[in-house]
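Hi everyone, thanks for coming.

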Amino acid sequence: MLPIVAYTDKLSVAAGESLSVMASSFGAREYRADLRRIIQGDTNPEGPGYKDEPIDLDLGGARKAEAKRFHPGSCVIVPGRGMLSSLSDFTIAAVVYPTLLDGRDRTIMALPGFARIGIDAEGRFLAEAHGEWLQARRRARTGAWHLVSLSYSAKSGLLTLAVSHEDEAASDDVAPEVATAKAAGGECRAEEILIAAVRGSDGRPTGFFDGKIDRPALFAAEVPHDSLRRLLVDFAQLSRMANLLAAWDFSLKMTTQTICDVSPFRLDGRIHNAPARAMTGWQWRGQELDWKKRPDLYTAIHFHSTDLYDAEWEVDFTFALPAGLKSGVYAVRLVPDGDEDAAYYCVFALRPPRGQRSANTVAFLFPTCSYLAYANHRLGMDVPGTEIGMGRVVELDRHHLFLQANPEIGFSVYEVHDDESGVFHSSRLRPIVDLQPKVKSFLGGFGSNVWQFNADTHILGWLDSIGQDYDVITDEDLHAEGMRLLGAYNVLITGTHPEYHTRNMIEALQGFTDRGGRLMYLGGNGFYWVVSFNEDMPGIMECRRSEAGIRPWEPGHGQFYHAFTGEYGGLWRKNGRPPNRLCGVGMTSQGFDISEPYHLTAAAGDARVSFIFDGVSADTRIGAFGLAGGGAAGLEVDRADRSQGTPEHALVLASSTRHTDIYLMTPEDLLDPTPDWSGTQADIIRADLTFFETAGGGAVFSTGSIAWAGSMAWNGYDNEIARITTNVLKRFNDPERFELPELKDS
Amino acid sequence: MSRYKITRDDLEFAREFLDDPVGYHSPGLQRVLNRMRGPAWEFKYVLVAQQRHAIWLLAKLPKARGSQVEIVEDVIYTDLLDAERDIFRRRWRDLTGEELDLSLEGTP
């Protein structure tokens, strides 16, 4: 497997800035680090060969490889701020919606060392305080709301656990189940309140709850359960109750990590490990679907024992990127115990210096959002049907075995949590073991079988092979700086599968082409999903797969709007920014077995595009070879479609004309699922090689195929696909304006 | 869960697969493969790359996340298409209770 894994504190850094490396041993005793520029990461012997470049920089000698571990699990932590020590009579209460009961003890709310409510290993609600332990008779149900309370009265000496099963139909006359015990009482030494967890013996949160929690509250009095059912519905009323010590309205400051107490004591807290906010609460009945309009209905947080935001490993070392080091894709290489074959690569982008105009006119957009979306993905392991989509057996590389053995590393947005709810978040503050050169994947097609970053190195290798100087900028840079960053370049080149974009990014890219920029979209299924960053949580990304798109899960009814920004999640196509408008083509189908050539159309002879085919033989078939399935058109393919925004004057220069029946229609296009929407039958399933000029003097060239770059790399980058791509780059890098053609009336 | 039951009537598709394991398949063969490669975990064979692009071990994937991938002893492939054929034969046996024997094509 992997004897050492690591991550850096940033994926984008400029020369002169520092980068920290956090590493952990998974068997290694020691390691040495060096810096490499990554040029071509695919190790397929049919390909151009692995290539990197050592950078002369001393990163220190041998270091001991310390074992560090992952600590997933989300919760809320509220410092007591001295307000808990006087507790005598008390009530703690919350409305809960369990989603996983699997034989583990789980905590709903705890004042560690004083009182706790939760669900025990048998699935029954439990409470403990003053050395007494109470258990409800009925088991908790997954997918149902329950109000749980624990109260104590010193006068009666009675500790009371009460649970009401809040089934909608009977919500007015629910009879709570009550369990009581005599207790002597005692001093409260708790210094904090935890929601969805308790403190473990090692001081870390543990005993995580999987499910939703709504309206947790703490009272300095015994409050009858029936009163709680009435009080908790109305925060305004509740906040005026004299005995209220804290009540947390999770709908406040929804886009941050802050948890707000509505009581006058303001016992605010913070979330830990990024649970899902903006989730439908106890009172949601479908009245509204947008949390921004009725936040009072979105008062729940969905916690998972598998959430992970920041691995928080101690820094092993920090170094400065040398001034003058050219922009590119680099990796800190960690070689464990002298075994270069077992080296771990912490890949990052060295962006151009900030605040000054780069000398380069070509930039590669390093698609960190798409890398994050797929970070540590487990499609071939968790989803048994992946093999059908691959059309061949699943191949596990060593990093897959590591993922299988260490699911605590956190998931990609292709997985579901252990409770089978979708993973909304992916973070870069943890090792991303598939963001490395050399690694193989599941979806890369018969041949090299590389995906995302390693597939993108086919493009980096091509740039190297033609001697093209270029900058590397990341999605995060583009999100933050937009056209201020893009304005320096004539040409922007994408990766093979730039699928995930924030609104800032989409708008910057559109602004770039509108203002004369030239976009080379060398991939497939690009600009597809909406994602969001969070200003309060650097390094994490949200994706809610609403409504349509090829997706492994749905966010749940009423939960289609992102918590980070309030944006409607799902496809850019459904959000007024169809990829066809930006780049002429949009996702139409996928299959991960074999790829096909393109066949030139009559439009390829148009004088507007003669530069593209300069020096290419007269054969009407191009790209009948490649490392990604044996053809240039495949894996995920896009079609031109005027109804989806493809410009009127766009030219479809070539198309694939058939695919295997692994290739099926996307859900957003398959409105009526009849059995003729497959690769051997439906003309709509094709990759369209597309070109168009923009009004600002710019132009767009789109391959509409992930497999394109695998063909560029064929025969040492000496082939017609590489030639075509180079032709486009040369002309696109020429500042001479492109002129819009005169459109004929149809 | 798949309801398709693989029988000797599918031997013609087995022959087709053994001739050309990856790429275009007839609808009949695709249906057989969908059964073999679908959601059932009992015969979820995978390859473990011992040396990328050169040597693969046969393994079975466990259903439970975090469980150990189970290596099948003494099975090593040096060609991916050979691996596909062998896994097809194993699944044929798992699903029909019979060894794959193309000479039985046409027999009841």
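Okay, where the chains meet: 24 residues of chain B are in contact with 25 residues of chain A, contact being C-beta atoms, placed from the backbone, within 7 Å. This is a predicted model, where local features need pLDDT of at least 70, side-chain atom pairs count only at pLDDT 80 or more, and totals for chains, interfaces and linings use all residues. Residues are numbered from 1 along each chain as its sequence is written, with chains lettered from A and ligands numbered from 1 in the order in which they are written.

On chain B's side, the largest share, 5 residues, comes from strand 1, residues 45-51. Strands here are DSSP runs of E, at least two residues; helices are H or I, at least four; both are numbered from the N terminus. Strand 1 of chain B also runs parallel to strand 29 of chain A, residues 395-396, joined by 2 bridges; pairing takes at least two DSSP bridges. Glu395(A) has Leu47(B) as its bridge partner there.

Now over to a sheet in chain A. It's open, with 9 strands in the order 31-28-32-34-45-44-42-39-40 and mixed pairing. Strands 31 and 40 of chain A each have a single partner strand, so one side of each is left without a neighbour in the sheet. For strand 40 of chain A, strand 39 pairs with it antiparallel over 2 bridges, and Tyr598(A) stands opposite Ile622(A).

Methods
Two residues are in contact if their C-beta atoms, placed from the backbone, lie within 7 Å.
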